[in-house]
Amino acid sequence: PGLPAALDAGTGELFEVLASQDILLHHPYQSFTPVINFISTAATDPRVIAIKQTVYRTGTDSELMEILIDAARLGKEVTVVVELMARFDEEVNLNWATRLEEVGAHVIFGVVGHKTHAKMSLIVRREESADGTTAGATSLKRYVHLATGNYHPRTARLYTDFGLITANEEICADASDVFQQLTGLGRAGRLRHVWQSPFSLHRRVIAAIRNEAKLAAEGTPSFIIAKMNALLEPIIIEELYAASRAGVKIDLIVRGVCALRPGIEGLSHNIRVRSVIGRFLEHTRIFHFHNAGAEDTYLSSADWMDRNFFRRIELCFPVLDAALKRRVIREGLLPYVEDNCQAWEMDSEGGYTRAKPRRGRRRAAQEELLNLLAAPS
């Protein structure tokens, strides 16, 4: 796996880098090591006062969990939201929770009736005031990692996922509000950028789809590209049908089960559905709305399923940096729309046909991304 140029050898200390730019990681083509370093650096940094982390799946032999345990031993305020109902990992997570509690970490077991499936890590660090108005004065600075996949180094080499590390004040404030909700009482307040299940994600996705339909009806070029593991939620499907009838061009990259039927005249004639099956398991959730050229692009832990919208704690977060947004589109969406080797296209009856190269022009998304992002051998 490769490394982003900003984190490659000799480019400076992690928090200094994050003060000037966001870091986007595309696994498994890029290394999971920066995520581990993000937590390990915080664990030993004397200026870091708190680390907050969600854990859904992390494995029996987790370097990250050992780092959190060490951080608590070193006196950091460590808060971990552990999901005990992660299927097949219940015993593993309980064992980690016990070890964390033994060293004084605050362990929260999520929200009753809702699995905590969100992937986020928040660091609070004491730093010198940026405005320089008071010599020696300090303030608290937050950094956050948000992702589409689990904090699991092994699956980070097998699954495709995106992760964003940022010091953006509003994104960090949203993450802090969600942690406050998970570790306290009541629901999160009004978040600035992040869409959250079970509160706002469903209606926000509907609003974005309807906005594209409205623009299409007005004659404005409109399109949606969305990538996910499964599409089953009936209201979202109806909204996509309505958008198709309004003239919105829609590309859906759905690895697994999809209850929407594309290509039906008068209903879904503007919708294409494809699944890409290759060396790596496609796990990324990306929602892209053209929005009259604004190119709104979101990464998410949630599929478009009933359970993700209404019975889980999920996050959907925007990529605000223009260059990183272009990367998500260029790496996470367009190669999959254009893949003609490992893509399977759904017909109006729900059957799949494997795409084939035309005139010998071969396009395989995963191979192209390996050549683009992986470290030279």
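Reader: What makes I277, W344 and Y352 a nonpolar patch on the surface?

Author: In this predicted model, the three share about 270 Å² of accessible area. Patch members need over 30% relative accessible area and no salt bridge, and nonpolar side chains are joined within 5 Å. I277, W344 and Y352 form such a patch.

Reader: Why is I277 called partly exposed?

Author: Its relative accessibility is 48%. Buried means under 20% and exposed means over 50%, with partly exposed in between. So I277 counts as partly exposed.

Reader: Where is I277 found?

Author: I277 sits in the loop between β12 (271-276) and β13 (281-282).

Reader: How do you know what span is expected for helix α7?

Author: The expected span is 1.5 Å times one less than the number of residues. Helix α7 (residues 234-246) has 13 residues, which gives 18 Å expected. From first C-alpha to last, α7 reaches 18 Å, close to that value.

Reader: What makes E233 a cap of α7?

Author: A side-chain oxygen of E233 lies 3.1 Å from the backbone nitrogen of I235. A polar contact needs N or O atoms within 3.5 Å. E233 therefore caps the N-terminal end of α7. Just after the helix, G247 takes a positive phi of about 110°.

Reader: Which residues of α7 are called buried, and what covers them?

Author: They are I236, I237, E239, L240, Y241, A243 and S244. Their cover includes α6 (201-217), β10 (223-228), β11 (249-254), β12 and α8 (306-310).

Reader: What covers the buried residues of α6?

Author: The cover includes α7, along with β9 (195-197), β10, β14 (285-289), α8 and β16 (312-318). G219 follows α6, with a positive phi near 95°.

Technical notes. Residues numbered from 1 in each chain as written. Predicted model: local features only at pLDDT ≥ 70, side-chain atom pairs only at ≥ 80, totals over all residues. Heavy atoms only, no water. Patch = residues over 30% accessible without salt bridge, like charges linked within 9 Å, V, L, I, M, F, W, Y side chains within 5 Å. Areas by Shrake-Rupley, 256 points an atom, 1.4 Å probe, with all protein chains shown as cover. Salt bridge = Lys/Arg side-chain N within 4 Å of Asp/Glu carboxyl O. Helix = DSSP H or I, 4+ residues; strand = E, 2+ residues; numbered from the N terminus. Buried < 20%, exposed > 50% of the residue type's maximum accessible area, 1.4 Å probe, protein only. Contact = heavy atoms within 4.5 Å. Polar contact = N/O pair within 3.5 Å; in protein donor to acceptor, adjacent residues only side chain to side chain.
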